[in-house]
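Hi,

Here is the structure I promised to pass on to you. Please have it open while you read the rest of this email.

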Amino acid sequence: MAIGANLPDELWPEVSRAAVYLHNRKPTYTYNWKSPYDRFHTHIAHRNGVVVEDRKPQQAHTKFLWL
């Protein structure tokens with residue numbers, strides 16, 4: 001991400017946080033099109049005895065570009 005955006009090397013901590021943030025909210029075929037965020041929060045809710053369907057993350061503020 002940093003190379004593609006021509007960002008300075010000093011921003012590597014912020015770039016790595018952004019990459020992890022986006023990865024955790026992106027649904028994956030391996031997990032039956034659920035995101036790691038969804039799987040984690042649904043697991044925690046079931047462990048605590050809370051009945052929930054899915055814990056989908058808010059993605060209205062993100063914009064994925066598939067080029």
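Below is what I found in it, taken element by element.

One thing to keep in mind throughout is that this is a predicted model.

**Helix α2**

Let me begin with α2, which runs over residues 36–47. This helix has 12 residues and reaches 16 Å from its first C-alpha to its last, close to the 16 Å expected at 1.5 Å a residue. Which of its residues are buried? They are Asp 38, Thr 42 and Ala 45. Looking down the axis of α2, you will find these buried residues within an arc of 60°, so they line one face of the helix. The face turned away from that buried side carries His 43 and Arg 47, which are exposed.

A polar atom of its side chain lies 2.7 Å from the backbone oxygen of Asp 38, and Asp 38 is itself among the buried residues of α2. As background, an α-helix has 3.6 residues a turn, so residues three or four places apart point the same way.

Just after α2 comes Gly 49, which takes a positive phi of about 85°.

How many salt bridges does the structure hold? There is one, and it joins Glu 14 to Arg 17, with the closest N and O atoms 2.8 Å apart. Both residues belong to helix α1, residues 12–25, and because they are three residues apart there, about one helical turn separates them. Is Arg 17 buried or exposed? With a relative accessible area of 51%, Arg 17 is exposed. Glu 14 has a relative accessibility of 47% and so counts as partly exposed.

Thr 62 is buried, with a relative accessible area of 18%. What does it touch, once its neighbours within four places in sequence are left aside? Thr 62 is in contact with Tyr 21 and Leu 22. Thr 62 and Leu 22 are 40 residues apart in sequence, yet their C-alpha atoms are 8.4 Å apart in space.

If you want to follow this on screen, you could start with the buried face of α2, formed by Asp 38, Thr 42 and Ala 45, and then turn to the pair Glu 14 and Arg 17.

Best wishes

Terms used. Residues numbered from 1 in each chain as written. Predicted model: local features only at pLDDT ≥ 70, side-chain atom pairs only at ≥ 80, totals over all residues. Heavy atoms only, no water. Helix = DSSP H or I, 4+ residues; strand = E, 2+ residues; numbered from the N terminus. Polar contact = N/O pair within 3.5 Å; in protein donor to acceptor, adjacent residues only side chain to side chain. Salt bridge = Lys/Arg side-chain N within 4 Å of Asp/Glu carboxyl O. Buried < 20%, exposed > 50% of the residue type's maximum accessible area, 1.4 Å probe, protein only. Contact = heavy atoms within 4.5 Å. Expected span 1.5 Å × (residues − 1). Arc of directions from axis to C-beta.
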